[in-house]
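Here is a short briefing on one protein model. Please read it with the structure open.

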Amino acid sequence: MAASAPAMALPGSQAEPRPDAELVRLCQNGTVAAFEDLVRRHQQRVFALVAGILRRPQDVEDVAQQVFLKAYLGLGRFDQRAAFSTWLYKIAVNECWDYLRKKKVRPLVYEADLSEEQVSQLDGIMSSERPPQNPRDRAEIRQLLEKVLDALPEQDRQLLLLKEVEGFTVQELADMLRLNVNTVKVRLFRARGRIVQASRRRIRASGSSDARPASRPERKD
Amino acid sequence: MQTDAGLNTQACPKYEVLLEDYLHGELEGADARNVAAHLAGCAGCRLALADAAAGTRLLGAASPVPGPGAAFSRTAMARIYAAEQERTAERAVFWQPFVSFGWRLAAAAALALLVLVTYGASSGRRLQPNVLALRPTAVNDLFSPDPARSPATSDEVLMMLAENDHGHQ
């Protein structure tokens with residue numbers, strides 16, 4: 001692929017959004033500017049995926065950009081048998097694991113226990129039918145949940161976060177993690193139960209078990 | 001998994017996939033009726049489903065990760081253009097010795113051709129056979145005096161006479 005001038009406008013870019021497959025073909029024929037549309041279209045999800053695996057905010061942007069660079073450099077070998085997004089997410093997953101291996105770091109593990117306030121917040125969410133709408137509250141809940149999710153095996157944690165928080169489909173998760181669709185469903189189902197049980201244990205450990213919904217039976221740890 | 005009340009919260013393995021779909025309202029018709037009937041009689045699956053629903057609520061309360069800033073795509077594209085230029089330069093560096101060798105080879109071949117042509121042109125006349133010098137008579141009659149030439153010495157006169165006498169005989 002020959003480099004086109006960065007300022008070169010993509011013909012017809014003002015019209016109907018082009019499908020990924022067409023943009024990929026344009027890139028493969030040397031129109032580098034077409035790749036910018038692909039970056040804009042997929043950056044949010046690649047960012048979410050990388051953030052879900054790495055959990056180190058300072059590394060996420062750099063790795064996400066590396067994902068797009070790798071995708072561009074490998075575009076000549078992409079035969080479009082799978083969707084571009086599936087191929088891109090696989091690159092993202094591989095890039096994250098490569099990054100963690102090279103840096104010799106495990107995905108960040110939260111060692112700190114939950115504060116009283118966090119436990120109370122967790123209890124509140126679990127007993128409430130309506131999720132909070134305030135973005136600030138939701139951002140706090142995400143941080144809180146990431147601590148609770150540490151109770152799960154790494155892949156289950158990623159599956160839950162990517163499916164329930166970031167909105168990836170079961171099929172997308174199966175493709176990017178090279179798992180059977182039914183395996184993903186079973187793991188998700190079990191992981192959901194585990195995270196609830198882990199939350200209850202935390203709530204009980206903090207002594208606020210009185211606030212637990214009465215419908216759940218008491219459990220031993 | 002057992003609760004204090006001795007309740008098993010583990011779903012029946014056969015129903016886990018169906019329960020996951022049931023949880024999201026993705027089951028219809030006979031499958032949905034089958035799962036509903038099973039749930040009515042299986043406490044383990046009921047509890048597992050309730051936990052899974054609570055987990056979904058819990059996770060649904062969290063916000064997705066904030067997206068990249070506006071500069072993300074520009075920075076990504078700048079890296080891509082830089083990498084593309086580097087790749088083009090690397091390609092040129094890789095082929096440079098071959099190109100250089102090719103030019104040298106072509107120059108040497110042209111020079112050799114020029115030398116051959118020049119040499120051929122200059123020695124062409126010299127190499128042409130001297131037809132007169134290779135007359136058969138000259139080869140077969142080395143000792144006879146040239147008949148066109150008049151004898152210069154007495155020996156030559158005697159030789160001419162002897163030749164003539166032999167010719168008459």
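The expected span of a helix is 1.5 Å times one less than its number of residues. Helices (H or I, at least four residues) and strands (E, at least two) are DSSP runs, numbered from the N terminus. This is a predicted model: local features need pLDDT of at least 70, side-chain atom pairs count only at pLDDT 80 or more, and totals for chains, interfaces and linings use all residues. Residues are numbered from 1 along each chain as its sequence is written, while chains are lettered from A and ligands numbered from 1 in the order in which they are written.

**Helix H2 of chain A**
- H2(A) covers residues 33-54, and its 22 residues should span 32 Å at 1.5 Å a residue. Its end C-alpha atoms lie 29 Å apart, which agrees.
- H2(A) bends by about 55° at A:His42. The bend is the angle between axes fitted to the seven residues ending there and the seven starting there.
- In H2(A), 17 of the 22 residues are buried, so the rest of the structure largely encloses this helix. Buried means that 20 or more other C-beta atoms, placed from the backbone, lie within 10 Å of the residue's own.
- A:Arg55 follows H2(A) and has a positive phi, near 60°.

**Packing between chains**
- H3(A) (residues 57-74) packs on H4(B) (residues 72-123) at an angle of about 45°, with the axes 9 Å apart.

**Chain A overall**
- Chain A has nine helices and zero strands.
- Of its 221 residues, 37% count as buried.

Notes. Buried ≥ 20, exposed ≤ 12 C-beta atoms within 10 Å, placed from the backbone. Axes fitted to C-alpha atoms, helices over the stretch in contact; angles between N-to-C directions.
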